[in-house]
Structure formats: C-alpha cells, structure tokens
Amino acid sequence: MYCANFKLEPFSYLNITRISLELVHSDSQCGFACLKSASCFSYNLAAVPDVNGELFCELLPSDKYNNSAKFIPSLSYHHLSISVSKNKLKLILGVVQFLN
C-alpha cells in the first residue's frame with residue numbers, strides 16, 4: 001500500500017533531469033508512479049491534457065528545496081512534491097540521528 005501527500009505548486013516547473021516521462025490520465029496516476037519509484041521525490045505534471053486526454057508526467061529525483069535555482073514559473077506544468085509535516089520530519093531526523 002502506498003500513501004503520501006503531495007504539495008501542489010500551480011504553474012511551476014522544476015527544471016532538472018528527469019527519471020522518466022510517463023503519460024497518465026490523472027494527477028493521482030502520476031503520484032502513484034512517483035511513489036513506486038524509490039528515487040522519485042517530486043514530479044512535474046502537464047497543466048493541460050494532450051489531444052488523447054493524457055498528461056505528461058515527469059518523475060524527478062529531487063525537489064524544489066534542493067534545486068531552488070531551477071524552480072521556475074511555467075504556463076504548461078504544475079509541480080508537486082512529497083509533503084512532510086513538521087512532526088514527521090522530527091521523527092525522521094530523530095531516527096537518522098539515532099542510527100548515526
């Protein structure tokens with residue numbers, strides 16, 4: 001079972017080398033594709049479907065926080081990244097510190 005929240009950045013694009021390009025019918029299909037890829041941290045999703053009703057979904061190996069200089073406005077895409085709450089982040093950081 002996969003579960004995650006993605007934060008939408010409307011009309012934005014993270015301009016980095018993608019892991020893969022997929023054609024999907026919905027935002028959730030792109031999100032599931034990202035969750036299934038261990039190296040995916042965010043994705044760019046076409047704002048408008050093509051003539052077949054499909055959306056370009058670009059799976060990305062990083063996020064806007066680690067590549068802020070490459071996070072740009074776009075009329076063609078929306079950017080979505082995995083959302084982590086402060087409580088979850090504290091828990092993750094605590095586990096990492098414990099393991100180190």
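Strands here are DSSP runs of E with at least two residues, helices are runs of H or I with at least four, and both are numbered from the N terminus. Two strands count as paired if DSSP finds at least two bridges between them.

Residues are numbered from 1 along each chain as its sequence is written, and side-chain values use heavy atoms, with hydrogens and water left out. Since the model is predicted, local features need pLDDT of at least 70 and side-chain atom pairs count only at pLDDT 80 or more, while totals for chains, interfaces and linings use all residues.

Now zoom in on the E3 side of the sheet. E3 and E5 run antiparallel and are joined by five bridges. Leu21 sits opposite Glu58 in E5.

Contact here means heavy atoms within 4.5 Å.

Which residues of H1 are buried? They are Cys30, Gly31, Ala33 and Cys34, where buried means under 20% relative accessible area, exposed over 50% and partly exposed in between (1.4 Å probe, protein chains only). Seen down the axis of H1, these buried residues fall within an arc of 160 degrees, so they line one face of the helix. That arc is taken over the directions from the helix axis to the C-beta atoms. The buried residues of H1 pack against E1, E3, E4 and E5.

With a disulfide defined as a pair of cysteine sulfur atoms within 2.5 Å, the count comes to two. One of them joins Cys30 and Cys57, with sulfur atoms 1.8 Å apart. This pair links distant parts of the chain, 27 residues apart: Cys30 is in helix H1 (residues 27-36) and Cys57 in strand E5 (residues 55-60). The torsion about the S-S bond of Cys30 and Cys57 is about 80 degrees, so the disulfide is right-handed. Cys30 is buried at 0% relative accessible area, and Cys57 is buried at 0% too.

Cys34 is joined to Cys40 by a disulfide, S to S 2.1 Å. The link of Cys34 and Cys40 is left-handed, with -100 degrees about the S-S bond. Cys34 is buried at 1%, and Cys40 counts as buried at 5%. Counting bonded cysteines along the chain, the pattern is 1-4, 2-3.

Last stop: the aromatics. A search of the whole structure turns up two aromatic pairs, where rings of Phe, Tyr and Trp (its six-membered ring) pair if their centres lie within 6.5 Å, and planes under 30 degrees apart count as stacked, over 60 as edge-to-face and the rest as tilted. One of the pairs is Phe6 with Tyr43, edge-to-face at 5.1 Å centre to centre and 65 degrees between the planes. Phe6 lies in strand E1 and Tyr43 in strand E4, so the pair ties together parts 37 residues apart in sequence. Tyr43 is buried, at 1% relative accessibility.
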